[in-house]
Amino acid sequence: MPCLDLKAGPLGPLVEVYVGVSELRRAVLQAARQPVPPPVACTFLVDSGASMSAVDSSRLLPLALAPSGVCRGHTPSTRGVAVQFDRFDVQLFLRGSGPGEGWVADPVPVMASSFTGQGIDGLIGRDILDRGLFHYNGRARTFTLAF
């Protein structure tokens, strides 16, 4: 079971995440002899209050993905009104603190949103946390993700 032991920063439990095309999309691109876009490095906040993981729309652009559907969701700014978001199927690689350390989730449906001015590029939601263990130690300013 991969275990990521990380330090929490001023913004909370942040993890380096590489967002890439799913393995299925990679296979389709390779079969068509088209280039596979490289994964995009992002900083995600682990958010146990988010039911679904989300990525800033601008971070998805280099992947040239078409939405796989839509989803409805609430954010603090929507004031209790559900709004529609595009959904994309991606691969997420959560990077650990050591070289080569990390965990891959593929495919993962993520919601495209905007995180402008928040210091993050996305959220790790309960859809990912439900696959493992999340432990947050506020006094030590550390957290663990284990899958």
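**Close-up views of a predicted model**

View 1. G102 lies in strand β7, which spans residues 102-113, where strands (E, at least two residues) and helices (H or I, at least four residues) are DSSP runs numbered from the N terminus. The model is a predicted one, in which local features need pLDDT of at least 70 and side-chain atom pairs count only at pLDDT 80 or more, whereas totals for chains, interfaces and linings use all residues. Residues are numbered from 1 along each chain as its sequence is written, and side-chain values use heavy atoms, with hydrogens and water left out. Leaving aside neighbours within four places in sequence, G102 is in contact (heavy atoms within 4.5 Å) with P2, L4, F93, L94, R95 and G96. The C-alpha atoms of G102 and E16 are 9.6 Å apart in space, although the two residues are 86 residues apart in sequence.

View 2. Strands of a sheet pair through backbone hydrogen bonds, either parallel or antiparallel. Here two strands are taken to pair if DSSP finds at least two bridges between them. Strand β2 (residues 14-21) pairs with strand β3 (residues 40-46) in the antiparallel sense, over six bridges, and within this pairing V15 has F44 of β3 as its bridge partner. Strand β2 also pairs with strand β6 (residues 83-95), again in the antiparallel sense and over five bridges, with Y18 standing opposite F93 of β6.

**View 3. Val17, a buried residue of strand β2.** V17 lies in strand β2 and has a relative accessible area of 0%, so V17 is classed as buried; buried means under 20% relative accessible area, exposed means over 50%, and partly exposed is in between, with a 1.4 Å probe and protein chains only. Apart from neighbours within four places in sequence, the residues in contact with V17 are V40, A41, C42, F44, L92, F93, L94 and I124.

**View 4. Aromatic pairs.** A search of the whole structure finds three aromatic pairs, a pair being rings of Phe, Tyr and Trp (its six-membered ring) with centres within 6.5 Å, where planes under 30 degrees apart count as stacked, over 60 as edge-to-face and the rest as tilted. One of them joins Y18 and F93, whose ring centres are 6.3 Å apart and whose planes stand at 40°, so this pair is tilted. Because Y18 lies in strand β2 and F93 in strand β6, the pair ties together parts that are 75 residues apart in sequence. Y18 is partly exposed, at a relative accessible area of 27%, and F93 likewise counts as partly exposed, at 24% relative accessibility. F134 and F143 form another aromatic pair, edge-to-face, with 6.3 Å from centre to centre and 65° between the planes. In this pair F134 is partly exposed, with a relative accessible area of 27%, whereas F143 is buried, with a relative accessible area of 1%.

**View 5. The open sheet β1-β10-β9.** Three strands form an open sheet in the order β1-β10-β9, and the pairing is antiparallel. The edge strands are β1 (3-7) and β9 (133-137), each of which pairs on one side only. From one strand to the next the twist averages 10°, based on axes that are lines fitted to C-alpha atoms (for helices, over the stretch in contact), with angles running from 0 to 180 degrees between N-to-C directions. Strands β1 and β10 run antiparallel and are joined by five bridges, and C3 has A146 of β10 as its bridge partner.

**View 6. Thr144 in strand β10.** T144 lies in strand β10, residues 142-146, and counts as buried at 16% relative accessibility. The side chain of T144 makes a polar contact of 2.7 Å with the side chain of D5; such a contact is a pair of N or O atoms within 3.5 Å, where, within protein, one must be able to donate a hydrogen and the other to accept it, and residues adjacent in sequence count only if both atoms are side-chain atoms. Leaving aside neighbours within four places in sequence, T144 is in contact with C3, L4, D5, L133, F134 and H135.

**View 7. Cysteines without a disulfide.** A search of the whole structure finds zero disulfides, a disulfide being a pair of cysteine sulfur atoms within 2.5 Å. For C71, the closest cysteine sulfur is that of C42, at 17 Å, which is too far for a bond. C71 counts as buried, at 11% relative accessibility, whereas C3 counts as partly exposed, at 37%.
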